[in-house]
Amino acid sequence: MSLLFLRRAKPLFLSRYLSTFSSPSPTNLLRRSFHGSATMSEAEKKILTEEELERKKKKDDKAKEKELKKLKALEKAKLAELKAKQAKDGTSAPKKSAKKSSRRDASDENPADFVDPETPLGDKKRLSSQMAKQYSPAAVEKSWYAWWEKSDLFKADAKSSKPPFVIVLPPPNVTGALHIGHALTSAIEDTIIRWKRMSGYNALWVPGMDHAGIATQVVVEKKLMRERGLTRHDVGREEFVNEVWKWKNQHGGTILTQLRRLGASLDWSRECFTMDEPRSKAVTEGFVRLYKEGLIYRDIRLVNWDCVLRTAVSDVEVEHIDIKEKTLLNVPGYDKPVEFGLLTSFAYPLEGGLGEVVVATTRVETMLGDTAIAIHPDDARYKHLHGKFAVHPFNGRKIPIICDGILVDPNFGTGCVKITPAHDPNDCEVGKRHDLEFINILTDDGKINTNGGSDFTGMPRFAAREAVLEALNKKRAQNNEMRLGLCQRTGDVIEPMIKPQWYVNCSVIGKEALDVAINDENKKLEFVPKQYTAEWRRWLENIRDWCISRQLWWGHRIPAWYAALEEDERKEVGAYNDHWVVARTEEEARKEAADKFSGKKFELTQDQDVLDTWFSSGLFPLSVLGWPDETEDFKAFYPTSVLETGHDILFFWVARMVMMGMKLGGDVPFSKVYFHPMIRDAHGRKMSKSLGNVIDPLEVINGVTLDALHKRLEEGNLDPKELVVAKEGQVKDFPNGISECGADALRFALVSYTAQSDKINLDILRVVGYRQWCNKLWNAVRFAMMRLGDDYSPPLTLSPETMPFSCQWILSVLNKAIAKTVESLNAFEFSDAANTVYAWWQYQFCDVYIEAIKPYFAGDNPAFASERAHAQHALWVSLETGLRLLHPLMPFVTEELWQRLPSTKNTERKASIMICDYPSAIENWTNEKVETEMETVLASVKCLRALRAGLLEKQKNERLPAFALCENNVTSEIVKSHELEIRTLANLSSLEVLLKGEHAAPPGSAVEAVNENLKVYLKVNRAINTEAEQEKIRNKIDELQKQKEKLQKVMSASGYEEKVPANIKEDNATKLAKILQEFDFFEKESARLVAETGNEQ
């Protein structure tokens, strides 16, 4: 599929999505491949079908092959002539026909010369003797990574004298497979680390995996049930944990292997896992130190409880849905859907026969744990109930009627609110304020316990809901809006439960984390984009203590032991909160307990809970570098430099790393945080399996058929209706599957998308476009290799001032591209960096420079000998520098192309492009005068191409004579001095320069205005369409008239002469003069056409 390129702001779109843009840069106006010189006509700009695009691509490819064959034939013919001459002189074999020889040699191409030989794993890639005629991602991206890794090119040295630059890869879950979010993270971080490595830094990018407590336990539990029909409780904790380790060793880490396919230059010698021995040591040490400082404590509080997992879950693992009315939802463990969104009213009888009070709830089963009824203290309706009691209808428990002005709204419902402190967050706060009893009525798996009464004990909570309603002989039920929390992992309805848990006190360390980001005097932390600083402040100013214990078996066991004293009345573990001891080992715990309970007998039991996964993740920047030990890595690389992650975990991970890094590591763990956007599909929808729009990066890299996409869906767990919808979505978005794009194209597309606010609407067709752009780079180097020849040796230095105009220009604009790219990278504006590199390669090097130097290489014209040599040098320097500039974004294709370039003789070449220096601007390359003159050249070419497109219906490649009418001698000299470039780029047969006042406009020609000082004419060998030309001129005159009137209105406004600054008045006068000059020109042109038409008649 051929590509049509747009301006740099949106550098790549397929024609089916083509929009019309005006481009501010003259070089952007020459949107054409380097192997052709025709501009795109208006007809060609129309939306093309895929078949038409494919035909256009094949046609272009054939033209390139034809040109190659012509060049080879020419070389062979010259060789044959030389041999014939030698034969005539008696120095060679008998004369042969040069024509026959060239024809035979051109057809003697050996296909094997274009195929890379097989490379043993880890060896440097063996390249074919001839470059393949087409770029193939699979062929180009093969073998390089294994060689880079084996050669230790990713490895950082803790003893290096280079300044350190460190990124820690956000550890993917051990259960995970590569998804598009990982690909974005990898593309951005690898771009940064390769750039810094090439810029002279001791660059370290640390890989690691997270043990993912809940996710991994769920996976192995399902496996255990599927294969053996057993639960984890059936096999016991020790055997279950062993099963998890077995699974991890067999299947975990798949994602790290997949990251290699993306080209991620991670230091694999430092790979780590959050539950390996060094990281486990760090977690234990962190817990103990925070406990000793009084920052970790144990308390009984309300938590988010998942009855399927039987554990507390964090806020980030709870998804809330809004329910407007009665709604049926499937809940794990229930055979039929459960009703939600109903507000049920029932009555509590008052003690002493005083009547009843009516309350309402959406969770009627919780009334089994009610311990109060709240009213507003100022509600006159219930003044007589102050200090009274209601009676629980099932167990006779006296329920106090309390006054609470904070919770109760007397205008809502009956003005009476049932209070269940152990099962509702708001009620919990009321319970604390009024010292109420907290009665937990649920078991860990969501069944009613003995506190709920014998009639309901053992019932699942939602079955108990129906039973309670029946027993109450409910008064009424009505629709009610509510928010329902569901566990992300299981889909279970979250149950607020009162549980003893371990907490981190975040008030002090939270304030410290806030200060380093907002306090200008002590600022150590910067967010990119800056908007997230406000969110950081908002969250940390209202931070709550962090619940860090989980009721799981897979994870870091909490290093706390309960000392059960022989003299204790209550024997259950945890009965006395002051009996806990925290230590690094059981032996250390025993010593502490002996000191704490001196002379008393006790038994130690380690807490069964494990730590929240975020706790070990929060320590990751410390633990990956060897903390708590003073390792060489820790001394050399902490604090790290940058954290790159998604903004969705700003609080759950980033804040905790900052708090723990400052408290335990003595400094912020990184000085800058870059938040990448979240990826959506091309239509802006969140990616979802049920929509069929989930994109697997490996399918984009390797390509995939529509049938294979369908098969992936079928192997998932979608229900039949969702499967149909998902397949329909795939047919709509990927009717022909996904073309093979390669890692380079995917990386470049993802990085170029990062300017899109906080969301990326990823269109795979854009990735396909960049894959085709890789083919353009490939052909640019093929062109260069033919022009350079086998014996070419690059120069050690360049003197641009001695070079031809086009060579000076390409070096000057390359210099600007380098400066802009480095500036953008330093500012973390990765999209701008990608677009700058892209624009130089596409619009300046390929579209202009390669075309402009072709005349120097057409035959062996001795008149161009010097220009040819200079053009070779500029060509090589541009390619070599441009590849280094592009390398961090596209590592594979740049490595392969760079390796094929000839190297300077008598100098040692670096083994790989990735350890070369990143380009920096060179002062004597910049030439503003040359760039300004090239702007005139390119603007002229654009106008001439527009004229050609309008005048020629067929044979658009026909060379036509052109004329340039100049207003003054300065413009005339510029055009004359660059006549060759204009003729070449505009595909003209001739260009005659005319000076206004000395020459008249050529008859029978069409005109375009380049600027106020230059007009260009194109002449065809037949009569032009004067009516169309007149219409064009009338439109231009109308446009100038509007500009004139608008400017004159401004200049004639009241107070203009007195109030407007002199420089602005001068500018306006100049603008008006130019408009009037243009107006006069086009009126004369109109008169000329009228006169010519009259003469013809």
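In what order do the 4 strands of the open sheet with mixed pairing line up? They run E15-E16-E14-E17, and we'll come back to them below. Keep in mind that this is a predicted model. The protein chain has 1097 residues, and 52% of them are buried. Its inventory comes to 34 helices and 35 strands. Take the contacts between residues at least 6 apart in sequence: 75% of these join residues at least 24 apart.

**The sheet with mixed pairing**

- Let's start with the open sheet from the opening question, E15-E16-E14-E17.
- Its edges are strand E15 (389-391) and strand E17 (417-419). Each edge strand has a single partner strand, so one side of each has no neighbour in the sheet.
- On average, neighbouring strands here are turned by 30° against each other, if you ignore direction.
- Inside this sheet, strand E14 (residues 372-375) pairs with strand E16 (residues 398-403) in the parallel sense, over 3 bridges.
- If you want to find that pairing in the structure, look for Ile373, which stands opposite Ile401 in E16.
- A handy piece of background: strands of a sheet pair through backbone hydrogen bonds, either parallel or antiparallel.

**The antiparallel sheet and its helix**

- Another open sheet has 3 strands in the order E25-E24-E26, and here the pairing is antiparallel.
- Strand E25 (580-582) and strand E26 (602-606) are the edge strands, each with a single partner strand, so one side of each goes without a neighbour in the sheet.
- Neighbouring strands of this sheet are turned by 30° against each other on average, again with direction ignored.
- Strand E24 (residues 560-565) pairs with E26 in the antiparallel sense over 5 bridges, and Ala563 stands opposite Leu604 in E26.
- Helix H15 (residues 586-596) packs on this sheet and touches E24, E25 and E26. The direction of H15 makes about 140° with that of E26.

- Strand E12 (residues 342-349) and strand E13 (residues 356-361) pair in the antiparallel sense over 6 bridges.

- How far apart should the ends of helix H27 (residues 865-886) be? At 1.5 Å a residue, its 22 residues should span 32 Å, and the end C-alpha atoms are 31 Å apart, which agrees.
- H27 is mostly covered, with 17 of its 22 residues buried.
- Helix H24 (residues 764-788) packs against H27 at an angle of about 150°, with the two axes 10 Å apart. Angles over 145 degrees count as roughly antiparallel, so that is what H24 is to H27.
- The crossing of H24 past H27 is left-handed.
- On the H24 side, the contact is made by Trp773, Leu777, Val781, Ala784, Arg787 and Leu788. On the H27 side, the residues are Gln872, Leu875, Trp876, Leu879 and Leu886.
- Why might contact residues be spaced out along a helix? An α-helix has 3.6 residues a turn, so residues three or four places apart point the same way.

**Cis peptide bonds**

- The peptide bond from Val528 to Pro529 is cis, with omega near 0°. You'll find Pro529 in the loop between strand E21 (526-528) and helix H14 (532-540).
- The peptide bond from Trp627 to Pro628 is cis too, with omega near 15°. Pro628 is in the loop between helix H17 (620-623) and helix H18 (632-637).

- Ala212 isn't a glycine, but its phi is positive, near 50°. This residue lies in the loop between strand E5 (208-209) and helix H6 (213-228).
- Is Ala212 buried or exposed? Ala212 is buried, because its relative accessible area is 6% and the cut-off for buried is under 20%.
- Arg310 also has a positive phi, near 60°, without being a glycine. Its place is the loop between strand E7 (296-306) and strand E8 (311-313).
- Arg310 has a relative accessible area of 30%, so it counts as partly exposed.

Note on methods
Residues numbered from 1 in each chain as written. Predicted model: local features only at pLDDT ≥ 70, side-chain atom pairs only at ≥ 80, totals over all residues. Heavy atoms only, no water. Helix = DSSP H or I, 4+ residues; strand = E, 2+ residues; numbered from the N terminus. Expected span 1.5 Å × (residues − 1). Buried < 20%, exposed > 50% of the residue type's maximum accessible area, 1.4 Å probe, protein only. Pairing = 2+ DSSP bridges. Axes fitted to C-alpha atoms, helices over the stretch in contact; angles between N-to-C directions. Parallel < 35°, antiparallel > 145°, perpendicular 65-115°, else oblique. Left-handed = near helix turned anticlockwise from the far one by under 90°. Contact = heavy atoms within 4.5 Å.
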